[in-house]
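Subject: Structure for you, with notes

Dear colleague,

Here is the structure I promised to pass on, with the sequence alongside. Please have it open while you read the notes below.

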Amino acid sequence: MATYTHGYHESVLRSHRWRTAQNSAAYLLPHLTATDRLLDVGAGAGTITVDLARIVADVTATEFGAEGLELTRSTVAAQGVANIQLEIADIHALPFDDAIFDVAHAHQVLQHVADPVQALREMARVTRPGGIVAVRDSDYSGFTWWPRIAPLDTWLDLYRSATAANGGEADAGRRLLSWAHAAGLQEVAATSSTWCYADPDARAWWGGMWADRMVDSAIARQLTTSGLATVEDLRNLRDAWHEWAADEDGWFSVLHGEIICRVP
């Protein structure tokens, strides 16, 4: 596994717990049925997981370590959803028999793994013929914003450098189709969608979350330890995020790639 760039600081979880099936898996929802057995790989905070569980018959949710799985477990318990099973699993070698799921889903996962093509092969292996492999990942080089505050360009460069050092791919969204083809999946529908933060509350939430991440989360420690940035550099990036969030013209669009693959 590649190193997980984000870590589990509160500022990261603030973002992940905002996610729902509607704002993060809308491309998949029309394909789901009430009888489906679904695998949710890299379930994380579990908010998308519990939404999906309310649509399908059964969900198996996985995380690659105990810390991540405990986050999923706490959300599942708080929501009182009974049709979710939890397991620790490596996406490169899933501990499941062939063809036992109707749908295999991963949100914001392939950008963090060492071998996304092998991950897709495994997701396809455990999905029945005619079933669906569904993946959505962000594409950081496709992010765009206004005003064009120069330190935010630095933020993007540093994030991409940190992800690469961890063995991940920050621009995974644009590569999903090619990875699916390399994994032997030929019946693939590729789409894109965005999150957009432009009203005062959304700017305050998005900008404040990234401001906190840049000084307190795992990426802050990684950037300073590796020598890519100093503590003062990161404080300047924090201030730039607050500056962007306070601007009434502030606008930020987060690009995602999406694929729906039919398993042969």
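Predicted model: local features only at pLDDT ≥ 70, side-chain atom pairs only at ≥ 80, totals over all residues.

Helices (H or I, at least four residues) and strands (E, at least two) are DSSP runs, numbered from the N terminus.

Residues are numbered from 1 along each chain as its sequence is written, and side-chain values use heavy atoms, with hydrogens and water left out.

On confidence, pLDDT is the predictor's confidence in each residue, from 0 to 100; its mean over the protein is 97, and 100% of the residues reach 70 or more. The lowest confidence belongs to helix 1 (residues 10–16), with a mean of 95, and the highest to strand 4 (residues 101–107), with 99.

The nonpolar cores

A nonpolar core here is a set of buried Ala, Val, Leu, Ile, Met, Phe, Trp, Tyr and Cys residues joined through side-chain atoms within 4.5 Å, where buried means under 20% relative accessible area, exposed over 50% and partly exposed in between (1.4 Å probe, protein chains only). The largest such core has 31 residues, and those with the most contacts inside it are Trp-155, Trp-206, Trp-210, Met-214, Trp-241, Trp-244 and Phe-252. Two or more residues of this core come from each of helix 6 (150–165), strand 7 (188–197), helix 8 (200–216), helix 9 (218–226), helix 10 (231–246) and strand 8 (251–262). Apart from it lies another core, of 30 residues, among them Val-126, Ala-180, Ile-259 and Val-263.

Contact means heavy atoms within 4.5 Å. Once residues up to four places away in sequence are set aside, Met-214 touches Trp-155, Ile-219, Ala-220, Leu-223, Leu-234, Leu-237 and Trp-241.

How the helices pack

For the values that follow, axes are lines fitted to C-alpha atoms, for helices over the stretch in contact, and angles run from 0 to 180 degrees between N-to-C directions. Angles under 35 degrees count as roughly parallel, over 145 as roughly antiparallel, 65 to 115 as roughly perpendicular and the rest as oblique.

Helix 8 and helix 10 have axes that come within 8 Å and cross at roughly 180°, and they are therefore roughly antiparallel to each other. On the helix 8 side the contact includes Trp-206, Gly-207, Gly-208, Trp-210 and Met-214, and on the helix 10 side it includes Leu-234, Leu-237, Trp-241 and Trp-244.

Helix 6 packs on helix 10 at an angle of about 125°, with the axes 9 Å apart, which makes helix 6 oblique to helix 10. Pro-151, Leu-152, Thr-154, Trp-155 and Leu-158 of helix 6 make this contact with Leu-237, Ala-240, Trp-241 and Trp-244 of helix 10.

The axes of helix 8 and helix 9 come within 5 Å and cross at roughly 45°, so these two helices are oblique to each other. Their contact is made by Arg-213, Met-214, Val-215 and Asp-216 of helix 8 and Ala-218, Ile-219, Ala-220, Arg-221 and Leu-223 of helix 9. Within helix 9, Ala-218, Ile-219, Ala-220, Gln-222 and Leu-223 are buried, and the buried residues of this helix pack against helix 6, helix 8 and helix 10. Just after helix 9, Gly-227 takes a positive phi of about 85°.

Single residues to look at

Ser-15, in helix 1, counts as buried at 3% relative accessibility. Neighbours within four places in sequence aside, Ser-15 is in contact with Trp-205, Met-209 and Arg-213; Ser-15 and Trp-205 are 190 residues apart in sequence, yet 8.7 Å apart in space, C-alpha to C-alpha.

The peptide bond from Trp-146 to Pro-147 is cis, with omega near -5°, and Pro-147 is found in the loop between strand 6 (144–146) and helix 6.

Ala-99 has a positive phi of about 55° although it is not a glycine, and at 37% relative accessibility Ala-99 counts as partly exposed. Gln-108, in the loop between strand 4 and helix 5 (116–125), is another non-glycine residue with a positive phi, near 55°, but Gln-108 is buried, with a relative accessible area of 9%.

With best wishes
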